[in-house]
Structures are given as structure tokens and as C-alpha cells.
Amino acid sequence: MTTDTATAIIATDDPILETDFIREVIRQVRALDTYGTRESEPDAQLLEQLILTAEQRRQIPIVGDPDAGAIARLHVFYNALAMMIERECGLLASPMMSLNREGFGRVIIAVGKLIVVDKSLRDVHRFGFDSLSKMKNEADKLLSVALNIIGDHPKVAGL
């Protein structure tokens, strides 16, 4: 996707860019840029890699092996979610992922000895969201469930 397309998808003045989760996603994307090659890019442009429109998804084969970009998108999303869980409950949240070369696997997030997120993964090569708001909504749902699980089992979580 070109920069012009990214600004059309994500406006630089979109208020969602200021939400805690999206700010954390931006931190995670920047953390993966170990050589600083994207340091000068605006936040909206960095986030474009997580957005896959229906048209873009149609262009990706149904069967395929995940590339480094797809795996990075997955890591960014679940690492940001783990950081939000940590921020809310004050305990270390550890994301762990097992993925085979065909793009199937599982991601879990553990808090103490408690599994608070458990998602099966498939078609990882097509992982992405239609929009930032859909990504944030998915994260909010997972965060809510995780925090409820922690609240129900505080001893296992280490509270």
C-alpha cells in the first residue's frame, strides 16, 4: 500500500490515534523497527500495515504461508493487548505464540498462572483489520474478557 492510500485510510487527525490501545500499538510498531528505518514516518502511516481492506484481502491467496510482515502484525496486536492488560491490572501479562509455517497455531496471554486470552490462529498470512476502529473494538472485547477472568480468579493471577 502506498503512503497516499494510507492517509486516505487513516487520517492523521483521527481521534482514535489518541486512544490508549492505538498509542500502544504505535509503540509496539516502533519497537519492532530496530534499525529506525521508519522513525520519521507519522503514526497514521505506521498503522497502515495493520489495516487490510476487503479488497486487499481478496488479493491475498486463501492458502499461503505467513511472511514476516504478517507475523509482525500478529505480534504487534497481541503485545499491545498484553500491555493494556498489564496497565489495567498491574501484573505482568505474557503473550505466547505458537505458529506453524502454514499460519496455524495459537496465541495465549498469561497473567501469573492464569490464561486470560486463548485464541486459535488460522490464515495468519491474512491477519489484519478492516479499520482502526475494528481493531480497537476487537482489543476492547479481549481486554474486557481478560480483566473479568482476572477478577474471577485473583489468586491464580497473583493478585
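What share of the contacts in the chain with a separation of 6 or more comes from residues 24 or more positions apart? The share is 64%. A contact here means heavy atoms within 4.5 Å.

## Basis of the model

This is a predicted model: local features need pLDDT of at least 70, side-chain atom pairs count only at pLDDT 80 or more, and totals for chains, interfaces and linings use all residues. Residues are numbered from 1 along each chain as its sequence is written, and side-chain values use heavy atoms, with hydrogens and water left out.

## Overall build

The chain has 7 helices and 3 strands. Both are DSSP runs, numbered from the N terminus: helices are H or I with at least four residues, strands are E with at least two. Read from the N terminus, the order is α-α-α-α-α-β-β-β-α-α.

The radius of gyration of the chain is 16 Å. A compact globule of 159 residues would have a value near 15 Å, so the two agree. The radius is taken over C-alpha atoms, and the globule rule is 2.2 Å times the number of residues to the power 0.38. Along its principal axes, the C-alpha trace spans about 50 × 35 × 30 Å.

## Surface and burial

Of the 159 residues in the chain, 40% are buried. Buried means under 20% relative accessible area, exposed means over 50%, and partly exposed lies in between (1.4 Å probe, protein chains only). The chain exposes about 8800 Å². Carbon and sulfur atoms supply 52% of that area. Accessible areas come from the Shrake-Rupley method with a 1.4 Å probe; for residues, only the protein chains shown count as cover.

## Charges and salt bridges

The chain carries 18 positive and 23 negative charges. Their mean positions are 6 Å apart. Lys and Arg count as positive, Asp and Glu as negative; His and the chain ends are not counted. The place of a charge is NZ of Lys, CZ of Arg, CG of Asp or CD of Glu. Side chains of opposite charge can pair when their charged atoms come close. The structure holds 14 salt bridges. Each is a side-chain nitrogen of Lys or Arg within 4 Å of a carboxyl oxygen of Asp or Glu.

One of them joins Arg23 and Asp43, with the closest N and O atoms 2.9 Å apart. This pair links distant parts of the chain: Arg23 sits in helix H2 (residues 20–32) and Asp43 in helix H3 (residues 43–47), 20 residues apart. Asp43 also forms a salt bridge with Arg30, again with closest N and O atoms 2.9 Å apart. Here too the pair links distant parts of the chain, with Asp43 in H3 and Arg30 in H2, 13 residues apart. Arg23 is partly exposed at 26% relative accessible area, and Arg30 is partly exposed at 31%.

Another salt bridge joins Asp140 and Lys136 (2.8 Å, N to O). The two are 4 residues apart in helix H6 (residues 132–152), so about one helical turn separates them. Asp140 counts as partly exposed at 31% relative accessibility. Lys136 counts as buried at 19%. Elsewhere, salt bridges that share partners join Arg23, Arg30 and Asp43 into one network.

Which side chain of opposite charge is nearest to Arg126? That side chain is Asp123, 5.3 Å away. Arg126 is buried yet has no salt bridge. Arg126 lies in the loop between strand E3 (114–121) and H6. Leaving out residues up to four places away in sequence, Arg126 touches Leu52, Arg57, Arg58, Ile60, Pro61 and Ile62.

Asp123 lies in the loop between E3 and H6. Asp123 is partly exposed, at 22% relative accessible area. Most residues other than glycine have a negative phi. Asp123 is not a glycine, but has a positive phi of about 50°.

## Two exposed loop residues

Thr12 lies in the loop between helix H1 (3–9) and H2. Thr12 is exposed, with 56% relative accessible area. Thr12 and Ala44 are 32 residues apart in sequence and 5.6 Å apart in space, C-alpha to C-alpha. Not counting residues up to four places away in sequence, Thr12 touches Leu17 and Ala44.

Tyr35 is in the loop between H2 and H3. At 76% relative accessibility, Tyr35 counts as exposed. Tyr35 and Glu138 are 103 residues apart along the chain, and their C-alpha atoms are separated by 30 Å.
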